[in-house]
Amino acid sequence: MTSRAPHISTLILLTAVSTLSLNMFLPALPAIAKDLSAPVTVIILAASGYLALTAFVQLLVGPLSDRIGRRPVLLVALIIFSGASLFCALAEDVTTFLIARMCQGAVITGFVLAMAIVRDTRNEADAVSLIGYITAAMALAPMIGPMVGGALDTLLGWRAIFWLYGAAGIGLFVLCWKDLTETAPKTTAHPFSALGLFNNKHFLAYAGCTAFSTSTFYIFVTGTPLVAPQTFGMTSAQLGFGIGSITAGFMFGSFLSGRFANQVDTLSLILAGRLAACLGLSGGILLSLTGHLTAVLFFASTLFVGLGNGLTMPGANAKAMSVDPTQTGGAAGLNGALTVLVGAALTWGTGQFLDRSNGVTILLVMMLATAAIGLFSALGAKRLTALAPE
């Protein structure tokens, strides 16, 4: 709590580049497949396999940073990411490309440790506030990333995207070398000690809230392109604008978390976010069942998911990292890994279960189910706190 905190811009860049590493290259997938003479289905492993790998990386780097420090773990991760990006840019065959792409997953360390550093250097309320502002700013990354990647692929070729990744990694390394001091308290925890948090009911409640709240968003971005165009007769441009609206809601909710975290109890913010998401989706389902749901009203109802997640995530993340002061990094990593794994499973399930024939009502019901689990997890945390204050 007394360590010097890095500048907020450093933390925003760490989280943003972690996000950009996942989505900026996606528009170039067909070009990569063609250039490396590989099926697109194989190249897609660069996204799906990468996502799975980041879950393992988060499990490892969080506890490791508790033991040896945030700074060395983060600096090594940035070196790996930078080098792997350059190997991707130079790859002449698909095997080399995919191996290097998997190594790029080290950059997720930036997101995990940025959250841990915030908690190291601030009390809970201030941590919620700062995480709110960070997530509000970094939410621009998934909106801008694919546009930048598509432009680079069109103008300079797909390899330019990975040269940019490499330059970003090197720039972040220099920035962190200068701006980041060690913030972690000394501990002797072994690298997988954070798995013991599975026995902590408070942690499980907050991690469940985070994972299922985030999964509501994953279900939305997976399912909406399958059902909205046919149901509402939308063009691709209209669909893209509608899908982007949920991010706008998230940015606003995160800003509200940052603004009011020092004035409103953290659990109250979390619960307000869960209620907003559930009420918005319930309204959408009611409109759909009565035959009054339009494209505008559909995206208005899902906008509340973004708003609710923005209100919920900063507090739920800060609470999860607060259950054991000696395992802040481990809690951040385990929380992130669980979010990725639950999100990946429900994303896959959405693609398997949902199709154009069963429409938006089923999609909204699926979203409401995960939002409700997030709400029940938050209510469980509230009950645990009332029975045995943390």
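Which residues form one aromatic cluster? Hold that thought for a second. One caution before the answer: this is a predicted model.

Now the answer. The cluster is made of F25, F81, F97, W158, F162 and Y165. Across the structure there are 13 aromatic pairs. Let me show you one of them, F97 with F162. How do we describe such a pair? We give the distance of the ring centres and the angle of the planes. For F97 and F162, the centres are 5.5 Å apart and the planes stand at 85°. That makes the pair edge-to-face, because the angle is over 60 degrees.

Where do these two rings sit in the chain? F97 belongs to helix α6, residues 94-103. F162 belongs to helix α10, residues 159-179. They are 65 residues apart, so to speak on distant parts of the chain, and the pair links those parts. Are they buried or exposed? F97 has 0% relative accessibility, so F97 counts as buried. F162 is buried too, with a relative accessible area of 0%.

Rings also meet charges here. R71 lies over the face of W177, 4.7 Å from the ring centre. R259 does likewise with F260, at 5.1 Å from the ring centre.

Next, the overall build. The protein chain has 16 helices and zero strands. Its radius of gyration is 20 Å. The globule rule gives 21 Å for 390 residues, so the chain is as compact as a globular protein of that length. The C-alpha atoms fill a box of roughly 60 × 60 × 30 Å along the principal axes. Of the 390 residues, 53% count as buried. Now take contacts between residues at least 6 apart in sequence: 87% of them join residues at least 24 apart.

Helix α7 covers residues 108-121, which is 14 residues. At 1.5 Å a residue, α7 should span 20 Å. Its end C-alpha atoms are 20 Å apart, which agrees. How many of its 14 residues are buried? The count is 13, so α7 is mostly covered.

Last stop: T216, in helix α11, residues 201-232. Why does T216 count as buried? Because its relative accessibility is 1%, and buried means under 20%. What does T216 touch? Leaving aside neighbours within four places in sequence, T216 is in contact with L281, V305, M367, T370 and A371. With T370 there is also a polar contact: the two side chains are joined at 2.8 Å.

Technical notes. Residues are numbered from 1 along each chain as its sequence is written. This is a predicted model: local features need pLDDT of at least 70, side-chain atom pairs count only at pLDDT 80 or more; totals for chains, interfaces and linings use all residues. Side-chain values use heavy atoms; hydrogens and water are left out. Rings of Phe, Tyr and Trp (its six-membered ring) pair if their centres lie within 6.5 Å; planes under 30 degrees apart count as stacked, over 60 as edge-to-face and the rest as tilted. Helices (H or I, at least four residues) and strands (E, at least two) are DSSP runs, numbered from the N terminus. Buried means under 20% relative accessible area, exposed over 50%, partly exposed in between (1.4 Å probe, protein chains only). A charge sits over a ring if NZ of Lys or CZ of Arg is within 6 Å of the ring centre and within 35 degrees of the ring normal. The expected span of a helix is 1.5 Å times one less than its number of residues. A polar contact is a pair of N or O atoms within 3.5 Å; within protein, one must be able to donate a hydrogen and the other to accept it, and residues adjacent in sequence count only if both atoms are side-chain atoms. Contact means heavy atoms within 4.5 Å. The radius of gyration is taken over C-alpha atoms; the globule rule is 2.2 Å times the number of residues to the power 0.38.
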